[in-house]
Each structure stands twice: as structure tokens, then as C-alpha cells.
Amino acid sequence: MSLTLSRYLVALGYGTRKEAERIVRQRRVTTAGGTVLRDTDRYEHDDVFVDRTPLEAPPGSVILLHKPVGFVCSLNDRPPMIYELLPATYPKRTPVMASIGRLDADTSGLLLVTDDGPLNHLLASPKSHVPKRYAMTLAEPLRGDEADLLASGTLMLKGETTPLLPAEFIATGERGGDIIVREGRYHQVRRMMAAIGNHVHALQRVSVGPLTLGDLAEGTWRLLDAGEIDVLRTAALEYKAVAKATKG
Ligand code: URA
């Protein structure tokens, strides 16, 4: 690593410059084998331990969080924030670990969090058309025309002037459905269902591009491995290329 150890600890959110220097001076940073590391020593991320605990995720990590209802993604919203479910260093990292897009406080499910700014932009950009699948429970029974209305490409949200992209709706029960959307407008799914005369009771995001929630327990998270990040990035580039080509 090219940064001194203390600067690396600062970047990973272990404290201010002074605090990180003190941690190193206090001989609390070691290799797996217990050798004390000094500030100017060479090191490998995976072989650095603070107080005998491995360092949190290296730069360029992506985590998949199963967000429960009640947690917010933005500092501007009323807490608790998703950071309460993550390692304490994450909000203090530079670059910060930020969510890729957002889920409402009332929505649960798959949320990606990363410190990789370009990847975040690629996945969150409206031009990328990354498919996101949501499972919902509705207040009113389905009528049967939902799939056609949502796929029309002409549906308009209240207060907006650009029609929604076509979305795929799959009925899953009398009052249940899954929807696949390729945009990320404010409260989009709830407003889409309101636009066709229904009301969403419960909403969960079950997939983003090639990633699914799987059996990850609510409130827990896991790190994506390098292969999964690669698949995600490649898929996002493909969705974007297809969207661009289709637009003409
Ligand atoms: N649509 C919504 O209405 N809410 C979300 O959190 C995501 C999509």
C-alpha cells in the first residue's frame, strides 16, 4: 500500500489523523502473526489487524444489505440510518460508504452500499436502466389490467411531465405482485401503483440487476466478492449499452 499505515486507517474510518497515529504508536496494529506494524512499514490489507481484529472491508468494496423497514438512507431523513446496521467505521471512510440509490424508510430489501464512486454512479444513473425487482402487497385486489398499464410506456406520475419507462408486472396473488422497473424516481413503485388506482401496503426490493436478496436475514449484510462485483459492473454496462441503442 502506498499510504502510511495511519493514513490508511484514516481513509478506512478508524479515526482522525491524530487518533490513527496514536493507535499505531500504541502498538495496537499488527499482522495476523502478531508482529507490531509501525507507521512506515509495508503492509497488505488482509494482513493488518487493529486490536487483533481484521481491518474492515478494503477500498472498492460493495456490500449487500437487507434493509429493514424503519431505516433511512439519507442524512436528510429522520434517523435511524442504515449506518446503524453497518460497521461503525463505514460512515467515516474517505470516500464514504454510500448507498447506491435509496430505499424509502417504509421499504425493505436489497440495498447496495459502496465506496466505489464510479460504480455507484454507473448503477444509480437514470441512463443505466438497471432492472430492480420489487415484491409488493396491495390494498385492493388486482383487476387484471395492471400489467398492460404498467408496460404501456405512457403512464405518467402525478406532478411529472415525462412518462414512465415500460415496467413488467407479475401478479403473485389476489393482492400481490412483483414489478421490475428500470428507473429510480422518488417513491416510484408506490406512485406507479397509485397512478393505476391501487395502494401499496408493503414493498420489498428483491433484486438489483443480477443480484438477489437470497436468504440474507433482515438487518444483516454481506460483502460481495470480486467475482460478484465484476458480474454487477459488466451487467450494468450492458443494460446501459442496450438502453442507449434502443433509444436510437
Ligand atoms: N419505489 C418506492 O416507492 N419506494 C422505494 O423505496 C423504491 C421504489
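Pro95 sits in the loop between β4 and β5 (strands, E, of at least two residues, and helices, H or I, of at least four, are DSSP runs numbered from the N terminus). Asp51, in the loop between β2 (49-50) and β3 (53-54), has a positive phi of about 50° despite not being a glycine. For context, most peptide bonds are trans, and most non-glycine residues have a negative phi.

The model is predicted, with local features needing pLDDT of at least 70, side-chain atom pairs counting only at pLDDT 80 or more, and totals for chains, interfaces and linings using all residues. Numbering runs from 1 along each chain as its sequence is written, and side-chain values use heavy atoms, leaving out hydrogens and water.

Now to the ligand. Its surroundings (residues with a heavy atom within 4 Å) are Leu103, Asp104, Thr107, Tyr134, His187, Gln188, Val189, Arg190 and Leu203. Helix α5 (residues 188-195) supplies the largest share of this shell, three residues. Domain 2 (62-126 + 212-247) and domain 3 (132-208) each give at least three residues, the bounds coming from an automatic or database domain assignment.

As for polar contacts (pairs of N or O atoms within 3.5 Å), a polar side-chain atom of Asp104 lies 2.7 Å from a ligand nitrogen. A polar side-chain atom of Thr107 is 3.2 Å from a ligand oxygen, while a backbone N or O atom of Gln188 is 3.4 Å from a ligand nitrogen. The protein covers 95% of the 240 Å² of accessible area that the ligand has on its own (Shrake-Rupley method, 1.4 Å probe).

Key
Polar contact = N/O pair within 3.5 Å; in protein donor to acceptor, adjacent residues only side chain to side chain.
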